[in-house]
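Here is a brief report on one chain and its partner. Sequence and structure come first.

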Amino acid sequence: MDVQGWSILLIALSFALYIGVAIASRAGSTKEFYIAGGGVHPVVNGMATAADWMSAASFISMAGAISFMGYDGSVYLMGWTGGYVLLALLLAPYLRKFGKFTIPDFVGDRYESSAARIVAIICAIFVSFTYVSGQMQGVGIVLSRFLEVDTTTGVIIGMGIVFFYAVLGGMKGITYTQVAQYCVLIFAYMVPAIFLALHMVDTPIPQLGLGGTLENGTPLLANLNNLHQDLGFASYTSGSRATIDVFFITAALMMGTAGLPHVIVRFYTVPKVKDARRSVGWALVFIAILYTTAPAIAAFARTNLLQTVSGQAYDDMPEWFSKWETTGLLAHNDLNGDGLIQYTGPNSDVPNELTVHKDIMVLANPEIAGLPNWVIALVAAGGLAAALSTAAGLLLVVSSAVSHDLLKRCLKPDISERDELRAARISAGFAVCLAGWFGVHPPGFVAEVVAFAFGLAASSFFPVLVMGIFSKRMNRLGAISGMIAGISFTAGYILWFKFISPESSTPENWWFGISPEGIGTFGMLLNFLVAGAIHRFAPPPSNETQRMVEAIRAPGSATE
Amino acid sequence: MTSPPPSELQERSSKYWRRNIRLLLGLLVVWATVSFGCGILLHHFLDNYTLPGSEYPLGFWFAQQGSILVFIVIVFYYAHAMSKLDREFDLEEE
C-alpha cells in the first residue's frame, strides 16, 4: 500500500478510537465537565497531561529546531520539562487542595477581588487562543500534506473531531481521549526513532543513541561537530547564543510552563493532594520519553541531511527531495550553476544554496532514512494526536473561563447547574469554531505569539499563584499591581521588538542581551518586586482568606 | 474522638510548613544546579569531560538529557518525602 493509503487508514482508525472513547465518557454535571469529576487516577492524569502539554510544536517542530540550533535548542528541552518541577513543588498540591475548577477561581477568591479575577480570565483566554491557533494550523498542514486535501478542509475535519469530544464530554471526555492520543503519539514518535537509531548507531534505544558511535568508529556528536566545522556552521554541541540569553529563555519557558492554565487545571482532576504530587511526576515521565528522544532524532536527522545532501549533485537526489520541494519547505537555488548542492553555514566562504524548513526534520525523516510506508503514515497520525489533544485542553480553558468564571462567578451567580453546563457546552462550541477560523486564516505571526503566551504566563500567573500560596500577607493591592507591572513590561518589550520595530531586534539592542523570548523572566522578577513593595501600603487580607491559605498548605484539615 | 485544641494544631501545622519549605528549597537548589548550573553556566567547562562510559560531552548531556532525568527524580522524591511528612504530622487527607 502507498503512503496515502496507509495515512488514510491510520488517521481514520485513530479518529474512530477518539470518537469511541468520547461516547463512552460523556459529562453529566459541571463537575465532570470542568474537572472530570475529580476522580482521575494519578498515572492516567499524568498521561493525559503529557498529551495535553505536548503540542504540534513538540511533536513536529521541536526535534527539527534542535537539529538546526544544536546546543541552543536545549532551552526547549530544559525549559519545557523544568517547569514541571516548579509545578510539583510550588503549585499543583496546593491548588488541588483549594479544590475548585479554574485558575481565575483561585486568583479571585484568594485576593478577594473581581478585578483580579477578570485580569486572570483575560490572560487565560488570550494565552489559550494564542496557542490553539497554532494547533489548528498544525492539523491543517498534516492533513493537507498526507491526505492531499486543501488546508481548509483539513482544519474543518480537525474541528469536527475536537467539537465532538470537547463539547460532548468536557474534561471527562478530553481526559480519556488524551490518554488514547498519548499512546498514538508516543508510538508514532518512537517507531521511526528506533529505526533511525538502529540504522545510524546500531542501538534500539534512541535516547542512548545520541551518545553512540557511528559505523566508521567516530562518535555521533564528534562527527557532527566536524561536519559543522567543515561546512561553516557553529559547533553543534556548543551553540552560538549568548549564555545570558540561554539562561533567561530557559527560565521564562520554565515559569511559563508552570503558569499555563490548561496544564495547571489538569491537577484539579485527581482525588487527593498526594495524588497531585505524584501525578506531576508521572506526567514528567511520559513527557521525558519524547523529550529525551527528540535531541537524538535531531542529531540523527542533522547527520543524515548533511551526508545525503551536502555537495551532492541535484539530479542524483532521491524522490523525497522533489516531493518536499513542491511543499515549499525545501528549496535549492543553484547560485554557481555547478549542479551540486552547496549547503553551508555563516562561517563559510561558499554561498549557501539550500533552504530547509525545520518541520521537515520530523515529517520527512522516515522518508530520508528510507523507512517503510506505514511508518511514514504513522507520523501523520501522531502529529494529529499531538495537535488535537492540546487543542482540546486549551478550548476547555476558554470555555470554563467564559461559563464558570465570567458567567457564574461574575455576572449571574444564581445560574442553575443545568444552565451552566449548557453555557459551558455552547462556549466550547464557539471556541472550537473561532479556533478553526484562526487555523484557516492564521494571523501571520503565530511563531512570534508563542513567545507572548509563555512570557505572559511567566510574568502574570506564576508569581500571582506562588505568592498567593506562600505569603499570607500578600493582598489585593500587591497582587494586582504586580500583575500589571509584570504584564505591561513583558508585553511592551515583546510588542516593541516583534511588531513595532522588528528590524531593531538584535542582541546589541536587547536589554542586557535578553531576547523577547526570554524577557518573561524579567517580567516575573518585576512582578515579585512590585508586589512585594506595594502590598505593605494596604492591610493584610481578611482573617477568612488567611485561614484559607492555611488550609491549602496542609493536605489534611488543619484549621478545624 | 475529641479534636485537639487549636493552638496545638496551629503549632503542628506551622512546624509542618517550615519542614516543607526547607525540603522544597533544597530540591530547588538541585533543580537549578543541574539545569542553570551544569546545563548552562558550566556547560563549556563540563564539555571538556565526557559522561563516564559514553561519548557525550558532559555539559551538552546535562543540557539535553541529564537535567530532565534529574527533574523526574526530584518530583518523585518530593512526593515521597511529603507523604512521609504528612503522616509524621498527622495531616494526611482522610
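The notes below cover fold, shape, surface and interface.

The model is predicted. Chain B has 3 helices and 0 strands. Its pattern along the sequence reads α-α-α.

How does the radius of gyration of chain B stand against that of a compact globule of 94 residues? Such a globule would come near 12 Å, but chain B has 19 Å. The C-alpha trace of chain B spans about 65 × 20 × 15 Å along its principal axes.

Contacts in chain B reach across the sequence. Among those with a separation of 6 or more, 58% join residues 24 or more positions apart. Of the 94 residues in chain B, 51% are buried. Buried here means under 20% relative accessible area, with the protein chains as cover.

Chain B carries 7 positive and 10 negative charges.

Next comes the contact with chain A. Chain B gives 43 residues to this contact, and chain A gives 57 residues. The area buried between the two chains is about 4300 Å². In chain B, W17(B), Q64(B) and E93(B) lose the most area to chain A. Together these residues make up 16% of what that side buries.

| Area | Value and carbon and sulfur share |
|---|---|
| Accessible surface of chain B | about 5100 Å², 63% from carbon and sulfur atoms |
| Area buried between chain B and chain A | about 4300 Å², 72% from carbon and sulfur atoms |

Conventions
Residues are numbered from 1 along each chain as its sequence is written. Chains are lettered from A and ligands numbered from 1 in the order in which they are written. This is a predicted model: local features need pLDDT of at least 70, side-chain atom pairs count only at pLDDT 80 or more; totals for chains, interfaces and linings use all residues. Side-chain values use heavy atoms; hydrogens and water are left out. Helices (H or I, at least four residues) and strands (E, at least two) are DSSP runs, numbered from the N terminus. The radius of gyration is taken over C-alpha atoms; the globule rule is 2.2 Å times the number of residues to the power 0.38. Buried means under 20% relative accessible area, exposed over 50%, partly exposed in between (1.4 Å probe, protein chains only). Contact means heavy atoms within 4.5 Å. Accessible areas come from the Shrake-Rupley method with a 1.4 Å probe; for residues, only the protein chains shown count as cover. Lys and Arg count as positive and Asp and Glu as negative; His and the chain ends are not counted. The place of a charge is taken as NZ of Lys, CZ of Arg, CG of Asp or CD of Glu. Buried area is the accessible area (1.4 Å probe) that two parts lose on being put together, summed over both.
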